[in-house]
Amino acid sequence: MSTTPSNQLELVKERGWQRGLRNLLRGEFSAWFKSSRWWKQIIIWFSIINLMMIIMIYAASEAAKDGESVPSPLFMYGIFGGMFVAFGVMIIMQRVIIGEKRAGTAAWVLSKPVTRTAFVVSRLVGNSLAILLTSVVVPGVFFYITLGFISDIGWLPPMNFLAGLGMIMIHTIFWITLVLMMGTLFESSGGVIAVPITLFFILWMGGGMIPGLEYISPLLLTFSPDPDTINSLSFSFMAGEPAFSWLPLISTVVLSVIFITVAIRRFNRQEF
Amino acid sequence: MNSNDLVISTQGLSKSYGEIHALKKLDLQVHQNSIFAFLGPNGAGKTTTIKLLLGLTRPTSGGGAIFGRDIVKDSVDIRTNIGYLPQDVRFYQHMTARQTLDYTAKFFYKGPQSKINKRVNEMLELVGLEDRADRPIKGFSGGERQRLGIAQAEVNYPDLLILDEPAASLDPQGRRDVLEVMSRIRKYATIFYCTHILDDVQRISDQVAIINQGELITQASIEKLLAGSGEVVYSLEMRGDTERAYAYIHNLSWVTGIKVGQENAKTTWQVSVSDQTAAEDHLISQLVSQDLKISHFSLVEQNLEDVFINIVEGSQK
């Protein structure tokens with residue numbers, strides 16, 4: 001055994017809140033991409049979003065031949081890519097902080113030279129990138145190709161599609177930051193998942209009851225609870241129409257920043 | 001020893017959870033290159049102390065320093081020079097032992113990878129996990145996890161090793177290996193550890209602190225602790241009218257107590273004395289003068305377990 005410090009090893013030189021961040025991110029990415037997790041997620045989301053969209057596009061084209069009015073594939077994509085992914089995020093993220101606190105791995109990692117802020121940021125960045133890639137970007141690309149080849153809509157202008165996909169990404173990040181924050185506030189995964197689900201249904205069904213909610217709800221980035229009067233931002237951008245308002249985007253970004261701030265502050269005060 | 005070689009020092013370090021005072025004004029001093037055993041019954045405040053030292057928990061009052069740096073303000077810097085083995089250590093289940101050590105090493109070193117690999121291999125060899133290095137931790141036994149815990153604690157050549165129950169869940173051979181590793185490491189590092197296995201403490205530690213109900217009861221070297229009250233005990237086996245002799249011996253000025261037992265047809269006494277020389281010169285002759293036949297006479301070596309129990313029970317009265 002050698003216990004003499006080796007001068008051949010180069011010391012990590014991160015400073016401030018970033019202490020340990022690089023290695024924490026490496027750990028997060030390896031948990032996603034050096035395991036079967038990433039391709040399993042892609043298969044799940046391909047099945048939920050893309051297969052369903054293919055079926056719907058065929059069904060819509062058959063219905064259109066019979067002269068029936070059917071929802072646009074862009075509207076349906078907003079529901080699958082927005083609502084379903086939001087619930088997926090709640091399931092995937094529910095144990096991210098809580099699980100580590102309870103298993104003791106958080107305490108173990110925090111006994112190394114890492115800051116708590118770096119710990120939270122690594123969980124946010126690592127999971128966000130992996131979730132966005134597996135549940136938004138890859139299904140989005142498949143959907144774009146599907147639209148081009150088999151739908152009546154055809155090939156959308158790429159920038160319009162990317163802008164719409166960007167709205168779905170921001171909507172997904174909103175739920176990621178919310179669930180992450182809940183992980184720092186609660187000690188059980190029940191609480192972590194209950195609050196986002198409740199909020200989702202309030203945003204979905206409370207539009208008519210809470211004045212102004214229909215103009216700031218993050219749900220409006222991907223699907224509209226009242227499509228007869230308002231189109232979601234993703235729908236509008238993909239269809240090349242102007243957004244009805246920028247307020248949902250602004251409120252979603254502001255709320256996400258607040259959630260991250262609260263998560264970091266709360267985690268910095270926690271005891272292990 | 002002087003204050004310049006202090007690795008850990010705490011002053012009035014306290015921690016409360018609401019009405020529960022987990023740690024009360026702890027003043028602790030751990031010197032460089034010592035093996036410092038931190039003892040106490042379950043719930044005494046040992047793990048709380050370790051968590052305070054590592055910055056995993058914040059003190060309610062008081063403070064402390066490691067390597068002369070504040071345990072709250074400089075916590076991240078301090079941890080650069082510490083290796084820590086938690087009680088019931090847990091790792092990421094998807095990683096192998098090798099990946100876990102590589103991951104741990106990279107909190108301290110950024111490269112080169114070949115040197116990190118070399119260090120990882122040294123650690124796997126140190127704890128005898130070479131043949132299981134590439135298996136997922138998911139399938140590891142408690143003992144294997146504990147070995148890996150020791151390896152990850154040592155991977156960064158720490159100046160201070162903090163070990164919470166290092167020999168727990170190890171078989172006798174594993175326990176012996178851990179003690180051997182600790183003895184070897186002492187040349188380069190200070191070891192602060194908690195344990196319930198008092199035999200191990202007596203074998204390898206040079207300083208001991210005993211804590212009970214959040215309060216430090218005593219801190220001393222092993223020798224000083226075993227010398228304890230200054231009382232010396234002799235064990236005797238004999239035959240004859242011991243009842244008559246009992247009062248006579250008990251009245252001798254240097255005899256402080258006698259514990260009587262019975263073993264087969266023999267009577268056993270544990271005679272506590274305040275003057276060892278007087279006892280060695282006169283105890284046997286006094287017993288013989290009482291017509292007793294002595295078949296065994298020996299000095300009872302003080303045992304840390306007895307000392308520990310006496311101290312802890314004494315602190316509860």
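**Nonpolar cores and helix packing in a predicted model**

The largest nonpolar core has 137 residues, of which Val89(A), Val179(A), Ala151(B), Ile162(B) and Ile191(B) touch the most other members. A nonpolar core is here a set of buried Ala, Val, Leu, Ile, Met, Phe, Trp, Tyr and Cys residues joined through C-beta atoms within 7 Å. A residue is buried if 20 or more other C-beta atoms lie within 10 Å of its own, exposed if 12 or fewer, and partly exposed in between, with C-beta atoms placed from the backbone. Helix H7 (residues 158-185) of chain A supplies the largest share of this core, 15 residues. A second, separate core of 13 residues includes Leu236(B), Val255(B), Leu283(B) and Leu287(B).

The model is predicted: local features need pLDDT of at least 70 and side-chain atom pairs count only at pLDDT 80 or more, whereas totals for chains, interfaces and linings use all residues. Residues are numbered from 1 along each chain as its sequence is written, and chains are lettered from A and ligands numbered from 1 in the order in which they are written.

Chain A contains 11 helices and one strand; helices (H or I, at least four residues) and strands (E, at least two) are DSSP runs, numbered from the N terminus. Along the sequence the pattern is β-α-α-α-α-α-α-α-α-α-α-α. The C-alpha trace of chain A spans about 80 × 40 × 30 Å along its principal axes. Of its 272 residues, 41% count as buried.

Within chain A, the axes of helix H3 (residues 73-93) and helix H6 (residues 116-150) come within 11 Å and cross at roughly 160°. Axes are lines fitted to C-alpha atoms, for helices over the stretch in contact, and angles run from 0 to 180 degrees between N-to-C directions. H3(A) and H6(A) are therefore roughly antiparallel to each other, a term for angles over 145 degrees. On the side of H3(A), the contact includes Tyr77(A), Val85(A) and Val89(A), and on that of H6(A), Ile131(A), Pro139(A) and Phe143(A). Two residues are in contact if their C-beta atoms, placed from the backbone, lie within 7 Å.

In chain B, Ala151(B) touches Leu101(B), Met123(B), Leu124(B), Leu126(B), Val127(B) and Leu129(B), not counting residues up to four places away in sequence. Nine of the nine residues of helix H1 (residues 46-54) of chain B are buried, so this helix is largely enclosed by the rest of the structure. Just after H1(B), Gly55(B) adopts a positive phi of about 80°.

Note on methods:
Parallel < 35°, antiparallel > 145°, perpendicular 65-115°, else oblique.
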